Amino acid sequence: MNRDWIATARTLSEALPYLQRYSGAVVVVKFGGNAMGDDDAMAEFARDIVLMRQVGMNPVVVHGGGPMINEMLSKLGIESKFVRGKRVTDKATVEVVEMILSGLVNKRIVQAINDQGGRAVGISGKDDDLMVCEADDPELGFVGRPVEMNVQVIRDLYNAGIIPVIAPVATGMADNETFNVNGDTAAGAIAGALQADRLLLLTDVAGVKNAQGEVITEMTPEDIEALIADGTIAGGMIPKTETALKALSEGVRAVVIVDGRVQNACLLELFTEHGAGSLIRSTTPRVTPRGR
């Protein structure tokens, strides 16, 4: 008997409590980073999402696309102005952002999921007024902060067996207004409005690290606040952890900052004792899989 087959069977058997735990669960996955530009990594991510759906979960994918936006802006000769390190999104820039996120990137992910045997439909925050924004900072132009969420369209899709893939482009309070929304912020707002069981933020880092540089596998909001206050959490990890805290305060049961560079990161996090990043939750859940 082939050892690999035996290992596969054992893995499936060990996954049973996790499969039971997540049956019917809504899991919002923020997809971004290096995997988006790599066909093999994209196919592997898509396979993980299709498997999640196949075993009875309701995955919702929210994506970014910064590198593709930068590439197109330079091709078109549109120069970006920066204020305090953040790009100013003027009218010309937001048109390119929408074109790349809602068009190129969104449909590539949809196609990858469909290629793996799933049923995916791509929408943006504009569809059915899913995400309505105000300017986050007037100096930054059309960079939005979600102020109103209408997530019924997402429920309609996953209740029909369809995997929603959402581009973080939103409408404004005024007619004909378009906002670019940070991908993590959009994923957090969507997860909060859905009262999701899990929000997985895929990144290109191993997770939240302590002062010794070791990944912290489980934390509470209080731990996060203390690590931000003493400077252990710094740079790009601050907005990610702040997104996590906001999502938890809005009713998401747990947020995981996942190392998206690890093979099958979503499956490792959801279906094994090991996990693949830093789990943040306010309280210990009532029902826990054995061993976690």
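Mentor: Let us begin with a term. A polar contact is a pair of N or O atoms within 3.5 Å; within protein, one must be able to donate a hydrogen and the other to accept it. Please keep in mind that this model is predicted. In it, the side chain of Arg 87 makes such a contact with the side chain of Asn 70, at 2.3 Å.

Trainee: Where is Arg 87 placed, and which residues does Arg 87 touch?

Mentor: Arg 87 belongs to strand β4, which covers residues 86-87. Not counting residues up to four places away in sequence, Arg 87 touches Ile 69, Asn 70, Leu 73, Ser 80, Lys 81, Phe 82, Thr 93, Leu 140 and Val 143.

Trainee: Which residues does the UniProt record list for "binding site"?

Mentor: The unreviewed UniProt entry lists Gly 65, Gly 66, Arg 87 and Asn 180 under that name. These positions span 116 residues in sequence, yet no two of their C-alpha atoms are more than 14.1 Å apart, so they gather at one spot.

Trainee: Let us turn to a helix. How many residues has α6, and how far does α6 reach?

Mentor: The length of a helix may be compared with an expected span, taken at 1.5 Å a residue. Helix α6, residues 183-194, has 12 residues and reaches 16 Å from its first C-alpha to its last, close to the 16 Å expected.

Trainee: Why is α6 said to be largely enclosed?

Mentor: Of its 12 residues, 10 are buried, so α6 is largely enclosed by the rest of the structure. Among the buried residues are Gly 183, Asp 184, Ala 189, Ile 190 and Leu 194.

Trainee: Which other residue has a positive phi although it is not a glycine?

Mentor: Asn 176 has one, of about 60°. Asn 176 lies in the loop between β9 (169-172) and β10 (178-180). With 76% relative accessibility, Asn 176 counts as exposed.

Trainee: Which residue joins its side chain to that of Asp 184?

Mentor: Lys 240 does so, through a polar contact of 2.5 Å. Lys 240 is found in helix α8, residues 237-249, and is buried, with a relative accessible area of 15%. Leaving aside neighbours within four places in sequence, Lys 240 is in contact with Asp 184, Leu 201, Thr 203 and Ile 257.

Trainee: What does Val 151 touch?

Mentor: Not counting residues up to four places away in sequence, Val 151 touches Leu 130, Ile 190, Ala 193 and Leu 194. Val 151 lies in the loop between β7 (144-149) and α5 (152-159), and at 7% relative accessibility Val 151 counts as buried. The C-alpha atoms of Val 151 and Ala 189 are separated by 10.0 Å, and these residues are 38 residues apart along the chain.

Trainee: How many helices and strands are there in the chain, and what is its radius of gyration?

Mentor: The chain has nine helices and 14 strands. A compact globule of 292 residues would have a radius of gyration near 19 Å, and the chain agrees, at 19 Å. Buried residues make up 48% of the 292 residues. Of the contacts with a separation of 6 or more, 71% are between residues 24 or more positions apart.

Technical notes
Residues numbered from 1 in each chain as written. Predicted model: local features only at pLDDT ≥ 70, side-chain atom pairs only at ≥ 80, totals over all residues. Heavy atoms only, no water. Helix = DSSP H or I, 4+ residues; strand = E, 2+ residues; numbered from the N terminus. Expected span 1.5 Å × (residues − 1). Buried < 20%, exposed > 50% of the residue type's maximum accessible area, 1.4 Å probe, protein only. UniProt positions renumbered as here; feature names shortened; annotations may be inferred. Contact = heavy atoms within 4.5 Å. Rg over C-alpha atoms; globule rule 2.2 N^0.38 Å.
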